[in-house]
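Please keep the sequence and the three-dimensional view at hand while reading.

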Amino acid sequence: MEAKRYVIGTAGHIDHGKTRLTQALTGVNTDRLKEEQERKISIEPGFAPLTLPSGMTVSIIDIPGHEKLIRQMVAGVTGIDFVLLVVAADEGVMPQTQEHLAILDLLGVKNGLLLLSKIDQADPELLPIIEEDLRELTRNTFLEGAPLLRISSTTGEGIDRLLQVLDAKLPGIEQRKSEAPFRLPVDRSFMIQGAGTVVTGTVQSGSTGPGEELEVLPGGKRVKVRQAQIHSQSVPRVAAGQRAALNLSGIHRGEVSRGQTVGQPGIWSPSHRIDIRACSLPDLGFSLRQRCQITLMIGTSEVFAKLILYDRKEWKPGEEIYASLVLREPVVAAHGDRFILRRPSPPTTIGGGEVAEAVAIKRKISPAAAEQIRQIWQGGLSARILRALDRTLLLTFREIQSISGEGDVALHRELKALEKAGQILPVASGFVSASTLVRVEKEMKDWLTSYHQEHPMWPGVPKAEWSARFLPTLDPPEVNILLARWERQRLLNQQDEYIALPSFTPNLPEQWKAAAAQVVHRLHQEGWTPTEWETLFAEAGIPATSREDIRGYLIRKEIVVPLTEKLLMHRKAYDSAVNLTIQTIHREGSLSMQQAKECFGLSRKYLIPLLEWMDKKGITRRVGDQRILIPEDQASP
């Protein structure tokens with residue numbers, strides 16, 4: 001059975017004993033920086049392994065408590081499974097206690113307990129009062145009714161009891177998905193002499209190990225895992241829910257930093273725009289207006305964002321909204337990721353929520369857009385797949401995976417179910433939505449109907465133009481598969497490189513029949529020495545705007561032969577020239593230019609185009625200054 005993986009985080013006001021508690025539990029002083037040791041405050045999240053009485057080893061993150069270090073706090077608690085909310089018994093509930101609790105609630109942390117620390121430094125008679133304050137603070141939060149323990153990291157009182165409670169509580173917590181594509185938001189990046197670049201973070205999903213290729217995003221830099229560690233111990237793999245350190249090759253320390261993501265290549269896409277569901281804090285004290293600038297904290301990233309509201313002009317305290325964020329810098333996210341929103345100045349936590357769409361489209365400002373985002377947020381995996389396919393005709397498995405963030409097994413299962421239900425169709429390397437096909441088919445039929453009316457003499461629209469209009473993102477094999485499908489369904493007809501409706505037959509409009517007949521008659525009379533076709537068309541009264549269409553119609557109907565861009569020859573005249581050429585070569589063995597002049601009595605203006613057209617059509621072949629017949633089994637089709 002796979003070992004359980006949990007990450008515990010501490011939270012609470014500055015100097016309430018979080019670091020001392022971590023050291024009492026693990027024996028590790030997580031204040032590793034010189035400045036932290038000198039100032040005796042935590043500036044960056046600290047990490048240590050904790051072995052519980054049962055033998056289970058978990059990770060513990062010591063979170064900074066200073067009000068100016070909220071970014072570090074959010075980065076630290078992102079990905080934790082269990083929180084220890086620490087309140088010093090000699091001070092009680094403080095501002096950062098309240099803000100940390102609000103952030104934990106907004107980030108969707110579900111499990112934890114309350115710790116009254118420094119009980120050796122407090123008046124025992126005041127402890128029940130502080131405990132009551134804590135109970136009041138946590139009412140209507142995920143910590144309502146959670147165990148409340150009294151501890152002293154100095155004397156050790158309550159530490160054993162805390163370990164026992166953790167041992168009992170943690171096994172009941174649901175594990176993170178390890179089958180999903182690998183993703184690790186980077187919270188630290190540093191160099192080790194002789195080893196190279198190392199990044200650390202909590203694995204959000206998937207797993208990886210030495211030798212595997214990863215991608216650093218934003219940026220797209222490809223790297224390989226040299227070594228994977230958990231708490232300084234080399235391991236064959238790291239998986240979702242574990243604190244991990246990855247030694248990477250192919251990248252310098254300056255090319256990766258906190259806020260970036262290391263993930264499975266080709267899956268995750270940085271985005272400048274995300275759709276969200278968010279709630280503001282009820283006691284916020286101010287509203288936010290349309291397009292105001294706020295700070296987004298997601299994963300280990302902190303970026304400025306512009307708030308786009310669709311169904312209101314301002315976001316009031318305590319309200320739930322479905323909105324968009326336009327980001328100054330791209331972030332890597334997935335559907336369901338939790339985030340925190342803050343006001344940049346003065347710094348204040350506004351609220352938080354979940355990502356509905358990680359790579360969002362630009363929407364018109366209307367209540368309908370908010371409703372669309374609500375449906376996206378509430379929809380399951382199948383709804384997200386179908387929505388993505390509605391926006392893009394075809395997506396590959398990996399492209400769908402990048403949108404859904406699901407693992408191979410779960411995604412294959414969902415795609416099979418959608419295929420069985422007739423909602424999607426496999427096409428070459430990807431999938432298309434059945435409803436999208438219906439829409440495309442209607443648009444295609446309407447457009448081809450109009451095209452045939454405007455170009456009645458053409459056999460249809462050139463295939464390249466048709467595919468560029470209706471299947472612009474598809475490769476030729478995928479285009480051909482859909483084309484074959486539509487031909488079987490009698491929706492389309494392909495002839496040579498033209499696409500038409502099956503019911504369509506090219507025809508010469510009534511208004512040009514007499515003029516075209518005049519041109520054809522002239523060409524028949526002129527035989528091997530035709531007048532240039534532009535002149536003939538002009539003399540027949542055909543305007544310049546219609547000449548190319550009529551010329552093309554006559555050529556495709558094989559009434560005339562296009563010897564050059566300027567010369568057309570009547571088909572009967574051309575056929576007689578071919579017969580004469582064949583007879584002469586049969587008699588003489590070959591045909592020289594001089595013999596051709598004698599046979600046809602033509603100038604070079606007509607003779608050379610005529611002979612070259614026969615070469616082009618595979619009737620003759622030029623060898624030196626002679627022409628010979630091409631055997632029928634070698635002739636061009």
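## Terms and basis

A residue is called buried when its relative accessible area is under 20%, exposed when that area is over 50%, and partly exposed in between, using a 1.4 Å probe and protein chains only. By this scale Asp408 is partly exposed, with a relative accessible area of 32%.

The model is predicted: local features need pLDDT of at least 70, side-chain atom pairs count only at pLDDT 80 or more, and totals for chains, interfaces and linings use all residues. Residues are numbered from 1 along each chain as its sequence is written, and side-chain values use heavy atoms, with hydrogens and water left out. Helices (H or I, at least four residues) and strands (E, at least two) are DSSP runs, numbered from the N terminus.

## A covered strand and its partners

Strand S4 covers residues 82-88, and seven of its seven residues are buried. On one side stand Phe82, Leu84, Val86 and Ala88, and on the other Val83, Leu85 and Val87, so described because all of them are buried and both faces are covered.

Two strands are said to pair if DSSP finds at least two bridges between them. Strand S1 (residues 7-11) pairs with S4 in the parallel sense over four bridges, and Thr10 stands opposite Leu84. Strand S5 (residues 112-117) is joined to S4 by six bridges, also in parallel; here Leu84 stands opposite Leu113.

## The largest nonpolar core

A nonpolar core is a set of buried Ala, Val, Leu, Ile, Met, Phe, Trp, Tyr and Cys residues joined through side-chain atoms within 4.5 Å. The largest one in this model has 26 residues, and those with the most contacts inside it are Leu288, Ile294, Leu296, Leu307, Trp315, Leu325 and Leu341. Two or more residues come from each of the strands S17 (271-280), S19 (293-298), S20 (301-308), S22 (320-331), S23 (338-343) and S24 (348-357). Strand S22 gives the most, with five residues. In soluble globular proteins, nonpolar side chains tend to be buried together.

Contact means heavy atoms within 4.5 Å.

## Charged side chains

A salt bridge is a side-chain nitrogen of Lys or Arg within 4 Å of a carboxyl oxygen of Asp or Glu. The structure holds 30 of them. One joins Glu131 and Arg150, at 2.6 Å from N to O. Glu131 lies in helix H5 (residues 127-137) and Arg150 in strand S6 (residues 148-150), so this pair ties together parts that are 19 residues apart in sequence. Glu131 counts as buried at 18% relative accessibility, whereas Arg150 is partly exposed at 35%.

Arg398 and Asp408 form another salt bridge, with their closest N and O atoms 3.0 Å apart. Arg398 belongs to helix H9 (residues 397-404) and Asp408 to helix H10 (residues 408-420), so parts ten residues apart in sequence are tied together. Arg277, Glu320, Arg338 and Glu354 are linked in a network of salt bridges.

## A buried glutamate without a partner

Glu478 is placed in helix H13 (residues 476-488). Lys and Arg count as positive and Asp and Glu as negative, while His and the chain ends are not counted. Glu478 is buried yet has no salt bridge, and the nearest side chain of opposite charge, Lys463, is 12 Å away. Not counting residues up to four places away in sequence, Glu478 touches Leu394, Val427, Ala428 and Ser429.

Just after H19, Gly618 takes a positive phi of about 80°.

Three strands form an open sheet in the order S33-S35-S34, with antiparallel pairing. Strands S33 (591-592) and S34 (620-623) stand at the edges, each with a single partner strand, so one side of each is left without a neighbour in the sheet. Four bridges join S34 to strand S35 (residues 626-629), and Val623 stands opposite Gln626.
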